[in-house]
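Colleague: I would like to learn how to read a model like this one, feature by feature. Could we go through it together?

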Amino acid sequence: MDPVGIAIIGGGIFVKEQHIPAALASPLLSIKAIWSRSLKTAQEAAKLIPGEAAPVDLYSTDSGDGKSYEDILKRQDIIGVIIALPIIDQPDYIEKALAAGKHVLAEKPIAKDIATAVKLIEYYKRVSAETNASLAIAENFRFLQGWVYGAEEVKKLGKVTEFVVRMNSMMEKSNRYYNTPWRTVPQYQGGFLLDGGVHFTAALRKLLGKENAVESLIAQTSLVSSHLPPVDTINAVLKTKSGAVGSYITSVGSKMEAFDFHIECEQGVVKAEGDKVITIRGIGKDAVTEEKVFEKSSGVKEEVHAWAESILTGSPNPNQTPELALGDLELMEKMLTSGDQDGARQKLEYQHFV
């Protein structure tokens, strides 16, 4: 079977460091074209394609007639597109690709807010009924084995009784991602809290599972570091439909450092740190501690290959549905909204997508 012809839409840091290597690593995919806003950026991305690979055509806004994004979508040899563009712009490019009948793998978050995401999903359902095009959202945390294993351990320990999430870090001005203009002056809620934060809401939702979906929350937000507007810190209290209450503490502008997810259950505790999971079975002196360490990975190669498999089989991967991404976005947005409203309680409605 011939590899699936795809185009890479975007030429930023993550495309060059993750998407292109992941697509090259999958025997099911063949990169046919790269589009970026500028030809220079597209050319820089194309340098990562090895010489022995098939020639890659370059498209950009400034390349003239016949080299636009719309021209890529007209090509019959391009079956799918991987889209990694600024959060504000991405939904429009997704809709155009779906309308052209292309399968889409789009970077998280699915959109800048819940309303835009719901509108996009509704559009997708209408169009896909005619074109059979699929929309997958790239949340690589769902392909990291630590989170998968942690979720399995939680299920073994009985009912979830409480949980604590702590993530403190500092997004320095010298960071490469900070110095992308659309992130430095964000035109979307939450700034870096939204951009990277949906990774962590996805991780928490994975660990808690459907039976412990978050039902409501209250939160306070603040701006600790002035270069990270509009806010860079969240302190939230979450309540699940099963009655468990937990805290969610995160900051991208903090001098403190933390990255841990603690899930307490009736019969023990699971501590997940991404590539390491500690399971404590039992209580007190009779407790038994097990530690499992996983190979460090971004999960992008796994998610891109899974997307390729879904195109060939015609069955969307359950870890890449837009509804899952909507749930990740909703949890983050509701914390930000509560903070904007001085801690007003927020009800959630899309957390059953787990």
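Colleague: Where does Ser26 lie?

Modeller: Ser26 sits in the loop between helix 1 (13-25) and strand 2. Helices (H or I, at least four residues) and strands (E, at least two) are DSSP runs, numbered from the N terminus. Before we go on, residues are numbered from 1 along each chain as its sequence is written, and side-chain values use heavy atoms, with hydrogens and water left out. This is a predicted model, in which local features need pLDDT of at least 70 and side-chain atom pairs count only at pLDDT 80 or more, while totals for chains, interfaces and linings use all residues.

Colleague: Is Ser26 buried or exposed?

Modeller: The scale is relative accessible area: buried means under 20%, exposed over 50%, and partly exposed in between (1.4 Å probe, protein chains only). Ser26 counts as buried because its relative accessibility is 3%. A contact means heavy atoms within 4.5 Å. Not counting residues up to four places away in sequence, Ser26 touches His305 and Ala308.

Colleague: Which residues is Ser36 in contact with, leaving aside its neighbours within four places in sequence?

Modeller: Gly10, Gly11, Thr41, Ala42, Tyr59, Ser60 and Thr61. Ser36 belongs to strand 2 (residues 29-36), and with a relative accessible area of 6% it is buried.

Colleague: Now the whole fold, please. How many helices and strands are there in the protein?

Modeller: There are 11 helices and 15 strands. Along the principal axes, the C-alpha atoms fill a box of roughly 70 × 45 × 40 Å. Buried residues make up 53% of the 354 residues. Of the contacts with a separation of 6 or more, 70% come from residues 24 or more positions apart.

Colleague: What does the radius of gyration tell us?

Modeller: It is taken over C-alpha atoms, and the globule rule is 2.2 Å times the number of residues to the power 0.38. For 354 residues a compact globule would have a value near 20 Å, and the protein has 21 Å, which agrees.

Colleague: Which residues have the most contacts inside the largest nonpolar core?

Modeller: The general idea is that in soluble globular proteins, nonpolar side chains tend to be buried together. A nonpolar core is a set of buried Ala, Val, Leu, Ile, Met, Phe, Trp, Tyr and Cys residues joined through side-chain atoms within 4.5 Å. The largest one here has 79 residues, and those with the most contacts inside it are Ile9, Leu204, Leu238 and Met335. A second, separate core of 26 residues includes Ala42, Ala45, Leu58 and Val300.

Colleague: What does Ile9 touch, not counting residues up to four places away in sequence?

Modeller: Its partners are Trp35, Tyr69, Ile72, Val81, Ile82, Ile83, Ala84, Leu85 and Tyr93. Thr221 is in strand 8 (residues 214-222) and counts as buried, at 18% relative accessibility. Thr221 and Gln341 are 120 residues apart in sequence, yet 9.6 Å apart in space, C-alpha to C-alpha.

Colleague: Which peptide bond is cis at Pro109?

Modeller: The one from Lys108 to Pro109, with omega near -15 degrees. Pro109 is in the loop between strand 5 (103-107) and helix 5 (114-131). Another cis peptide bond joins Pro229 and Pro230, with omega about 0 degrees. Pro230 is in the loop between strand 8 and strand 9 (233-240).

Colleague: What is the phi of Asn132?

Modeller: It is near 65 degrees, a positive value in a residue other than glycine. Asn132 lies in the loop between helix 5 and strand 6 (135-138) and is exposed, at 62% relative accessibility. Asp342, also not a glycine, has a positive phi of about 55 degrees. Asp342 lies in the loop between helix 11 and strand 15 (346-347), and its relative accessible area of 59% makes it exposed.
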